[in-house]
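The sequence and the model are shown first, and the description follows.

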Amino acid sequence: LPLLFSEVPDNADDILAMIKDLRHGLGMSVRLLQSMTLPMLVCDEDRRIVLINTAMIHLLENKGEPADYLGSDVFEFFLQNDFMRNFLNKAFAENVAVDNVQVRLSGRLGGEFLVSLLVSPLYSPDGHVEHVSLAILNLTDIRNREREILTKKMEIKNMTGAPREQAAPVL
């Protein structure tokens, strides 16, 4: 017994060090998610938001801080975008990831956004889908700029395709 008791402080110190490492890693993961400019969220199997960043909140024209949305129903968050229910439910029910599906999202203030969805099931150690992550790439500005470039290209093509006066030959 004396040997067993002499090991307890070492084990307790090891456990405290492990907890400290876990807290540090989790804290860094949360800070990383919240600081990313790519809109992201994670919901649990009850479809409650467990992680969300400011970029996601702003994309859908919502107000508040990430903490205001924790525990909220993810479908309420995407109220104007009912099709999101299908993508998220499919990830949970069928373990299906969605990669680069382009859809139009509506914001709460009426904004329309062309986006690419990235939905991924997150598995527990026993292989059960425990959470689903969602990242959204806003393509609206890219597509608008692409349209401007194509319009300018057509204007230039039309200008250069017009008949020109030929210079008189030099003798």
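## Terms and basis

A residue counts as buried under 20% relative accessible area, as exposed over 50%, and as partly exposed in between (1.4 Å probe, protein chains only). The model is a predicted one, in which local features need pLDDT of at least 70 and side-chain atom pairs count only at pLDDT 80 or more, while totals for chains, interfaces and linings use all residues. Residues are numbered from 1 along each chain as its sequence is written, and side-chain values use heavy atoms, with hydrogens and water left out.

## Overall architecture

The protein chain contains 6 helices and 5 strands, taken as DSSP runs numbered from the N terminus (helices: H or I, at least four residues; strands: E, at least two). Their order from the N terminus is α-β-β-α-α-α-α-β-β-β-α. Of its 171 residues, 30% count as buried.

## Helix 5

Helix 5 has 12 residues and reaches 16 Å from its first C-alpha to its last, close to the 16 Å expected at 1.5 Å a residue; the expected span is 1.5 Å times one less than the number of residues. Its buried residues are M84, F87, L88, A91 and F92. They cover an arc of only 125 degrees around the axis, which puts them on the same side of helix 5; the arc is that of the directions from the helix axis to the C-beta atoms. On the other side, N86 and A93 are exposed.

The buried residues of helix 5 pack against strand 1 (40–44), helix 4 (74–77), strand 3 (98–106), strand 4 (112–123) and strand 5 (129–138), where contact means heavy atoms within 4.5 Å. After helix 5 comes N95, with a positive phi near 55 degrees.

## Aromatic pairs

Rings of Phe, Tyr and Trp (its six-membered ring) pair if their centres lie within 6.5 Å; planes under 30 degrees apart count as stacked, over 60 as edge-to-face and the rest as tilted. By this rule there are 3 aromatic pairs. The ring centres of Y69 and F77 are 5.4 Å apart and the planes stand at 80 degrees, so this pair is edge-to-face. Both Y69 and F77 are buried, and Y69, F77 and F78 form one aromatic cluster.

For F83 and F87, the centres are 6.3 Å apart and the planes stand at 90 degrees, so the pair is edge-to-face. Both residues lie in helix 5 (residues 83–94), 4 residues apart, about one turn of the helix. F83 counts as partly exposed at 26% relative accessibility, whereas F87 counts as buried at 17%.
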